[in-house]
Amino acid sequence: MIASLLLEMIIIDDSVKTIGYGAFHGLSELKSITTNDSVLIIGDNAFYGCEKLRTITIPKSVTYIGNWAFNSCKNLRTISIPASVKDRKSTRLNSSHRCIS
């Protein structure tokens with residue numbers, strides 16, 4: 001468990017359709033995530049507490065971003081949310097985040 005908390009980079013495999021509830025919760029050293037067009041859903045609290053995460057580009061395939069998916073990502077400054085995300089209310093970003101649609 002402790003080793004996983006030190007992960008700095010994650011590459012999401014092409015077979016992944018859903019990034020589930022709390023999937024990367026608390027990975028405070030995580031700086032970068034590479035996703036692909038197979039991802040359709042980003043679940044609630046998926047990246048909650050990923051304090052060093054700075055920028056993420058959501059693939060155009062994503063249609064839903066869960067509640068508080070990026071909450072407590074203290075260094076996340078830019079997030080690109082494509083028009084394919086139908087429920088924009090569910091993103092619930094911190095006030096420090098800048099969205100690019």
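Ser-72 counts as partly exposed, at 25% relative accessibility (buried means under 20% relative accessible area, exposed over 50%, and partly exposed lies in between, with a 1.4 Å probe and protein chains only). This view, like those that follow, is taken from a predicted model, in which local features need pLDDT of at least 70 and side-chain atom pairs count only at pLDDT 80 or more, whereas totals for chains, interfaces and linings use all residues. Residues are numbered from 1 along each chain as its sequence is written, and side-chain values use heavy atoms, with hydrogens and water left out. Ser-72 sits in the loop between β6 and β7, and its phi is positive, at about 65°, although the residue is not a glycine. Most residues other than glycine have a negative phi.

With a relative accessible area of 39%, Trp-68 is partly exposed.

The chain contains 8 strands and 0 helices (DSSP runs numbered from the N terminus, helices being H or I of at least four residues and strands E of at least two), and from the N terminus on its elements run β-β-β-β-β-β-β-β. An open sheet is formed by 3 strands, in the order β2-β4-β6, and the pairing is parallel. Because β2 and β6 (64-65) stand at the edges, each with a single partner strand, one side of each is left without a neighbour in the sheet. Between β2 and β4 the parallel pairing extends over 2 bridges (two strands pair if DSSP finds at least two bridges between them), and Thr-18 has Ile-41, in β4, as its bridge partner. Confidence in the chain is highest in strand β2 (residues 18-19), at a mean of 96, and lowest in strand β8 (residues 98-100), at 50 (pLDDT is the predictor's confidence in each residue, from 0 to 100). For the chain, the mean pLDDT is 82, and 81% of the residues reach 70 or more.

**Ile-42 in the largest nonpolar core.** The largest nonpolar core has 24 residues, of which Ile-42, Phe-47 and Phe-70 touch the most other members (such a core is a set of buried Ala, Val, Leu, Ile, Met, Phe, Trp, Tyr and Cys residues joined through side-chain atoms within 4.5 Å). When neighbours within four places in sequence are left aside, Ile-42 is in contact with Ile-19, Phe-47, Ile-58, Val-62, Tyr-64, Ile-65, Gly-66 and Ala-69 (contact means heavy atoms within 4.5 Å). Across the chain, 40% of the 101 residues count as buried. In soluble globular proteins, nonpolar side chains tend to be buried together.

Asn-36 belongs to the loop between β3 and β4 and is buried, with a relative accessible area of 11%. A polar atom of its side chain lies 2.9 Å from the backbone oxygen of Asp-13, and a polar contact of 3.4 Å joins the side chains of Asn-36 and Asp-14 (a polar contact is a pair of N or O atoms within 3.5 Å; within protein, one must be able to donate a hydrogen and the other to accept it, and residues adjacent in sequence count only if both atoms are side-chain atoms). Beyond four places in sequence, the contacts of Asn-36 are with Ile-12, Asp-13, Asp-14, Val-16, Pro-59 and Ser-61.

**Ser-38 and the backbone of Asp-14.** Ser-38 lies in the loop between β3 (32-34) and β4 (41-42) and is buried, at a relative accessible area of 12%. Its side chain places a polar atom 2.8 Å from the backbone oxygen of Asp-14. With neighbours within four places in sequence left aside, Ser-38 is in contact with Asp-13, Asp-14, Ser-15, Val-16, Lys-17 and Ser-61.

**Asp-87 beside Tyr-64.** Asp-87 is located in the loop between β7 (78-80) and β8, and it counts as partly exposed at 31% relative accessibility. Although Asp-87 and Tyr-64 are 23 residues apart along the chain, their C-alpha atoms are separated by 6.0 Å. Not counting residues up to four places away in sequence, Asp-87 touches Thr-63, Tyr-64 and Ile-65. Of the contacts in the chain with a separation of 6 or more, 23% come from residues 24 or more positions apart.
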